[in-house]
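Hi,

Here is the structure I promised to pass along.

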Amino acid sequence: TRTEPRATYALARLHRAMRHELDEAVRPFGVSTPQYATLVELHRQASQTNAQLARRTFMTPQSMSEVIKVLETKGLVTRAADETHARLIRISLTDDGLRVLGECEQAVDVVEEQMLRELTQHDREQFLAHLKSGIRMLGAGFPQH
């Protein structure tokens, strides 16, 4: 019998704990964790379609549509027709979206520091490298450069 938890179990527990902490961290800024993830992705790569954002944030297109509607109502994103393909709608951060993202990032930094505080800088780098490797091995992103 196994006495140590499986990596998959530990990662699932970490995911649940992080999701709870992220929800609490970004709530004061009027956004949910999926809305925050969308703002992060739009900052990482500007002017994306609903389908691109859904893929990159691991949401369904329907869920992403709801997230975008709420963010647009709050004035954090805008939607505009693509200049070359009128049927495509591009979503972009507004100045308010960028401001809220910055506030959220500071709060998320505190959560991440809390999670990693027992690790040295080298261990933190290794932890991230190992996580990215696992994600890559499951075909879910982070291609090796």
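Let me start with Glu 112, which is partly exposed at a relative accessible area of 42% (buried means under 20%, exposed over 50% and partly exposed in between, with a 1.4 Å probe and protein chains only). Before the rest, some housekeeping: this is a predicted model, where local features need pLDDT of at least 70 and side-chain atom pairs count only at pLDDT 80 or more, while totals for chains, interfaces and linings use all residues. Residues are numbered from 1 along each chain as its sequence is written, and side-chain values use heavy atoms, with hydrogens and water left out.

Glu 112 sits in helix α5 (helices are DSSP runs of H or I with at least four residues, strands are E runs of at least two, and both are numbered from the N terminus). From Glu 112 to Gln 144 is 32 residues in sequence and 24 Å in space, C-alpha to C-alpha.

Helix α5 itself covers residues 95-116, so 22 residues, and spans 31 Å from first C-alpha to last, close to the expected 32 Å (1.5 Å times one less than the number of residues). Its buried residues include Gly 97, Cys 104 and Val 111. The buried residues of α5 pack against α1 (7-26), α2 (33-44), β2 (89-93) and α6 (121-137), with contact meaning heavy atoms within 4.5 Å.

Next, the α2 and α4 pair. The axes of α2 and α4 (residues 61-73) come within 10 Å and cross at roughly 85°, which makes α2 roughly perpendicular to α4. Axes here are lines fitted to C-alpha atoms, for helices over the stretch in contact, with angles from 0 to 180 degrees between N-to-C directions; roughly perpendicular covers 65 to 115 degrees. On the α2 side, Pro 34, Gln 35, Thr 38 and Leu 39 meet Met 64, Val 67, Ile 68, Val 70 and Leu 71 of α4.

Gln 35 is worth a click: it counts as buried because its relative accessibility is 9%. A polar atom of the Gln 35 side chain lies 3.0 Å from the backbone nitrogen of Ser 32. Leaving aside neighbours within four places in sequence, Gln 35 touches Gly 30, Val 67, Val 70, Leu 71 and Lys 74.

Last one: Phe 58, in the loop between α3 (50-56) and α4, has a phi near 60°, a positive value in a residue other than glycine. Phe 58 counts as exposed, at 66% relative accessibility.

Cheers

Key
Parallel < 35°, antiparallel > 145°, perpendicular 65-115°, else oblique. Polar contact = N/O pair within 3.5 Å; in protein donor to acceptor, adjacent residues only side chain to side chain.
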